[in-house]
Amino acid sequence: MASSSWSPSPSPTAMKEGDNYPNWTELLPELTSSILHRLGAIEIVETARRVCRSWRRVCKDPSMWRKIDMRNLGDHGDMYYEELCRHAVDLSQGGLVEINLCHFATDSLLSYIADSSSNLRSLKVAQCYEITSDGLIEAVAKLPLLEELEVSYCSLSEESLKVIGNSCPNLKTLKKNCVGYKRPRDECDDVALAIAETMPGLRHLQLFGDRLTDVGLNAILDGCPNLEHLDLRQCFNVDLVGDLEKRCLERVKVVRRPNDSVHDYPFDATVNDVSSSDDPYGLSDVDIMSEDEFYYDDLSEDASDNSDFDPYEYYY
Amino acid sequence: MSESDLDIMEPQTMKSYIYLQTADGSVQQVEQEVAMFCPMICQEVIHNGAGSSKNHAISLPQRVNTAMFSLILDYCRFHQVPGRSNKERKIYDEKFMRMETKRLCELTSAADSLQLKPLVDLTSRALARIIEGKSPEEIRDIFHLPDDLTEEEKLEPLKNTMDDPRIRLLNRLYAKKRKELKERERLKNVEVEEHVDERSVDDLLSFINGRDPKVVKMSKGKKKYKKKKNQKIISSNDKESHDLHFKQQGVEDTGCRMRDLSSLEDEIFTPKDGCEDDEIDPAMKEMLDREVEDFARRLNSNWVQSLGQERRPVHFSINGNGTTRRHIGNDISFFACIIVMLS
């Protein structure tokens, strides 16, 4: 039962300790902040700030919202999470430095974030199927300090990559992962070339499942002299042998090779093994949306026409 | 061995010890390499030359009592050994973290005062894991935190960034209802006049749909997440995880739940300070109160009658940005959802 005022817990330990409980209040506010931050934005908003007054205060502080981690989505609709995200961004009061979004993110949300958080250093939009290339470009144009960008499993044109590269001179990390293909015929160096051309400052590049070939790889090695970490897992068109291999290993400290283990890869690493030839491009780079549950309502999309439906007919 | 001997000991011939005094006054001698694992102790030794003898023992911060200190020393003793593999360390850490919640809190605090960041991270992570997935009430129980938020604050939704007038209206009505119920609680012993509203359902519906110009011109209210609110209401009382969603068409399924809600009502709206409401014309207030109350009564009684066997969870979401994927299909059903919660 919900109690309206604080009453001591009936548990035996509390009885023994007396007023030495509650221990949490002994912790400095800064510790509470760092502990609660680990819960992720959603749980902070939904749960943590509703526990008690001191936690509520901590949860409202802008310092809690410098890094927003929108993980552990529950079963609310996308609108709910978008709203929650906006709220979190508001709470940061312009101090947002890092944010990662999920499938609920839209172009308008991105725009909202970009408008209020020009200091953003890290943006992750993995598996955001509703974000368009244009939306992304527009947002990134307002984020000149961006150092880290992840656009995995999103539909992003290669041209947009170039625009992004040009908008963000400080870009040090790029992750553009997609579903790996096991069909050597299906080659494409566009992504690699775009990166090589416009992102000279890259230190960390992850192109899981990309369709680049040796040509693309060479271009990257040329165009990104500061590369320290290169992840080419499931890039089956790259033949990392001989001179290319040597060059790669010389210039880059850590190289994940096409056939390396995927045990530490955060996404689903199932390889697309489409062998039929009448499907030249296989599936799109966007991952199969099997996990998404779209709450399509039974009512028609047209809001105004519900004349035949009267929910109160039961009550007459 | 006399103290002066210890003072001039050499590292090669003898193990070096650091002298540390815990909050309760007892002095302990600890192997140098173990103690120096704590940055705070390290600093004291190097910068202030302290800890070399019993008389010059380093006073540990108040939060480090003997029990905590012993734990911390165990941790340092293990980790300061350079040869261990990451896996070894990880296994040790996992085992080390298995302790009562209260100790975990104390340990976090103690480790923090000694600036032992790896241990602070470890304990913080463990505490976060304990908090994860629990309800506010469960968390309060575990950590013995005071239940000092108002009911309003507990149910507070996210900030309203939507401008839908219908939502504002409904929020307004809900707020009025809440306030009225709080008032009632306060005047528990006084007879409350029952307002009999003679108006038909149609009139009420037209009022709701905003054809009454007075009603539409409301000040901004807060957007509320009905689903979440309902979850909170129910879980706080029944301690079950009812999945109270509202489908735009199928509110009849939730008839059974309404009974729960109406019994919860009094529980929730206990008199508390800090209920701030925007100023509203008192006549309007009264009208609204009557509307809402009567409608709620009607719906509640009717719903209970029309109980269905099936109780599937129904989904309800609010469209704020004009996207057509999900939206309020029907003013009436939308309001009905709100009323359901009020009753």
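1. The model is predicted. I start with helix α5 of chain B, residues 86-96, in which R89(B), Y92(B), D93(B) and F96(B) are buried. These residues cover an arc of only 100° around the axis, which puts them on the same side of α5(B). An α-helix has 3.6 residues a turn, so residues three or four places apart point the same way.

2. The other side of α5(B) carries K87(B), K90(B), I91(B) and K95(B), which are exposed. Which helices are included in the cover over the buried residues of α5(B)? The cover includes α4 (66-79), α6 (101-113) and α7, which belong to chain B.

3. The axes of α4(B) and α5(B) are 11 Å apart, and the packing angle is about 170°. Angles over 145 degrees count as roughly antiparallel, and α4(B) and α5(B) are therefore roughly antiparallel to each other.

4. Which residues of α4(B) and α5(B) meet? From α4(B) come L71(B), D74(B), Y75(B), F78(B) and H79(B), and from α5(B) come E88(B), R89(B), Y92(B), D93(B) and F96(B). By class, the residues of this contact divide into 5 nonpolar, 1 polar and 4 charged.

5. On the α7(B) side the contact uses L127(B), I130(B) and I131(B), and on the α8(B) side it uses I139(B), I142(B) and F143(B). The contact of α7(B) with α8(B) has 6 nonpolar residues, no polar ones and no charged ones.

6. For chain B as a whole, there are 16 helices and 3 strands. Of its 343 residues, 52% are buried. Taking contacts between residues at least 6 apart in sequence, 71% join residues at least 24 apart. Chain B exposes about 16600 Å², and carbon and sulfur atoms supply 48% of that area.

7. In chain A, the axes of α5(A) and helix α6 (residues 107-116) come within 10 Å and cross at roughly 0°. Angles under 35 degrees count as roughly parallel, and α5(A) and α6(A) are therefore roughly parallel to each other. E82(A), C85(A), R86(A), V89(A) and D90(A) of α5(A) make this contact with S108(A), L109(A), Y112(A), I113(A) and S116(A) of α6(A). The class counts for α5(A) with α6(A) are 5 nonpolar, 2 polar and 3 charged residues.

8. Two backbone angles in chain A should be noted. Q93(A) is not a glycine, yet has a positive phi of about 50°. Q93(A) sits in the loop between α5 (78-92) and β2 (98-101) of chain A. Is Q93(A) buried or exposed? With a relative accessible area of 62%, Q93(A) is exposed.

9. Q234(A), also not a glycine, has a positive phi of about 60°. Its place is in the loop of chain A between β7 (229-231) and α11 (242-251). Buried means under 20% relative accessible area, and Q234(A), at 6% relative accessibility, counts as buried.

Technical notes: Residues are numbered from 1 along each chain as its sequence is written. Chains are lettered from A and ligands numbered from 1 in the order in which they are written. This is a predicted model: local features need pLDDT of at least 70, side-chain atom pairs count only at pLDDT 80 or more; totals for chains, interfaces and linings use all residues. Side-chain values use heavy atoms; hydrogens and water are left out. Contact means heavy atoms within 4.5 Å. Helices (H or I, at least four residues) and strands (E, at least two) are DSSP runs, numbered from the N terminus. Ala, Val, Leu, Ile, Met, Phe, Trp, Tyr, Cys and Pro count as nonpolar, Asp, Glu, Lys and Arg as charged, and the others, Gly among them, as polar. Buried means under 20% relative accessible area, exposed over 50%, partly exposed in between (1.4 Å probe, protein chains only). The arc is that of the directions from the helix axis to the C-beta atoms. Accessible areas come from the Shrake-Rupley method with a 1.4 Å probe; for residues, only the protein chains shown count as cover. Axes are lines fitted to C-alpha atoms, for helices over the stretch in contact, and angles run from 0 to 180 degrees between N-to-C directions. Angles under 35 degrees count as roughly parallel, over 145 as roughly antiparallel, 65 to 115 as roughly perpendicular and the rest as oblique.
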